[in-house]
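Visitor: I'm new here. Could you show me the model and walk me through a few spots?

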Amino acid sequence: MVAQTGVEGAGGGVALVGVHAQGGAVSLAAQVLIEVYKAGGAAPALGTGIYDQRVQDEDVFRGVVPAPGGAGIDVHLRLVDLGGGDVGKDLCYGLFALQHRGHMSCGIVTNDDYKLTRIKDNGHVNDVFDVRAIERLKGKIGLGHVRFTGGADLQENIQPITTRYCKGTISLAKNGFITNAETLRTALEDDGAIFQSTRDTEVIMHLIARARTTCPSAETSMLEVMESLEGAYSMILMSPKKLMAVRDPRGFRPLCMGRKGSAVVFASESCALDAMGAEFERDIEPGELVCVDMKNGVRSFRDFCGAR
């Protein structure tokens, strides 16, 4: 088991994970989760909050089955499978391990060679993700999220949030608060931007999309956006080929990095790494951006480290 690293977030922040999954023995947490699904008998239908996004713009919403909400905290999981394996199961195991941080809603997005599969809904992880749903989560890159709040969340507010823009698709999940989000949103709306949700996460996505029209890469776009953000946050961004983990310059929100074979994992709490059978490597530094892709492996950008 991996030693706990004390990456608890003040005020109950979001947990983030990024993983490159490999085949192998199922972890204890995974076995427990599977047994829950087998014994539950009351799992929702496969159509619970499932979106199937294809490159050809075929978006099919397969229906939503209401699930109970609850109090809790946000959780995010991110996985990158550099070896080409599916990351969906590991994402579910990680979210299940982080369920104590958020009970209201949860979601997962996986990237299978540009085909995105999104499953998200109000409710607990084992309410939203039954065995059949997990089997649909194909792809070598993925991210997940569990959120807290006092009641049911709007579908458009459930993270991860995914959209298309000039360079393809981006998916984003965030923990924390952007204190100047309202100012940024107003400026974007005055310039003609249209928003689908009420979350500051979507404000960040708009800024990234705009920066990407002049920046040479997704990671340089994210670094440019960090100059505009104020507040306490950690977040993960998934582009068609890359996964990026970001932590605010003051390091208020937790984020750590681990490995499972050739897989790279990011998480707010190392208990998610334990659930996947991954090993803790280090904490993401305050102000650091870590980018993972097949071509360059793991790269670190410390432009904002020490900028407090």
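Visitor: Is T110 buried or exposed?
Guide: T110 is found in strand 4, where strands are DSSP runs of E with at least two residues, numbered from the N terminus. Buried means under 20% relative accessible area, exposed over 50%, and partly exposed in between, using a 1.4 Å probe and protein chains only. Since T110 has a relative accessible area of 0%, T110 is buried.

Visitor: Before we go on, what kind of model is this?
Guide: Residues are numbered from 1 along each chain as its sequence is written, and side-chain values use heavy atoms, leaving out hydrogens and water. Local features need pLDDT of at least 70, side-chain atom pairs count only at pLDDT 80 or more, and totals for chains, interfaces and linings use all residues, as this is a predicted model.

Visitor: Which residue has its backbone oxygen 2.9 Å from a polar atom of the T110 side chain?
Guide: Contact here means heavy atoms within 4.5 Å. Leaving aside neighbours within four places in sequence, T110 is in contact with a list of residues including V87, L91, L116 and I141. The backbone oxygen in question, 2.9 Å from a polar atom of the T110 side chain, belongs to K138.

Visitor: How many bridges join strand 4 and strand 5?
Guide: Two strands pair if DSSP finds at least two bridges between them. Strand 4 covers residues 105–112, and strand 5 covers residues 115–122. D112 stands opposite K115 in strand 5. The two strands pair in the antiparallel sense, and the count of bridges is eight.

Visitor: How many residues of strand 5 are buried?
Guide: Strand 5 is mostly covered. Out of its eight residues, the buried ones number seven.

Visitor: What is the phi of D113?
Guide: Most residues other than glycine have a negative phi. D113 lies in the loop between strand 4 and strand 5, and that hairpin has two residues between the strands. D113 is exposed because its relative accessible area is 56%. Its phi is positive, near 50°.

Visitor: And what about Y114, what is its phi?
Guide: Y114 is also in the loop between strand 4 and strand 5. With 41% relative accessibility, Y114 counts as partly exposed. Y114 is not a glycine, yet its phi is positive, about 80°.

Visitor: Which peptide bond is cis, with omega near 0°?
Guide: Most peptide bonds are trans. For this one, look to the loop between strand 6 (141–147) and strand 7 (161–165), where P160 has its place. The cis bond, with omega near 0°, runs from Q159 to P160.

Notes. Helix = DSSP H or I, 4+ residues; strand = E, 2+ residues; numbered from the N terminus. Polar contact = N/O pair within 3.5 Å; in protein donor to acceptor, adjacent residues only side chain to side chain.
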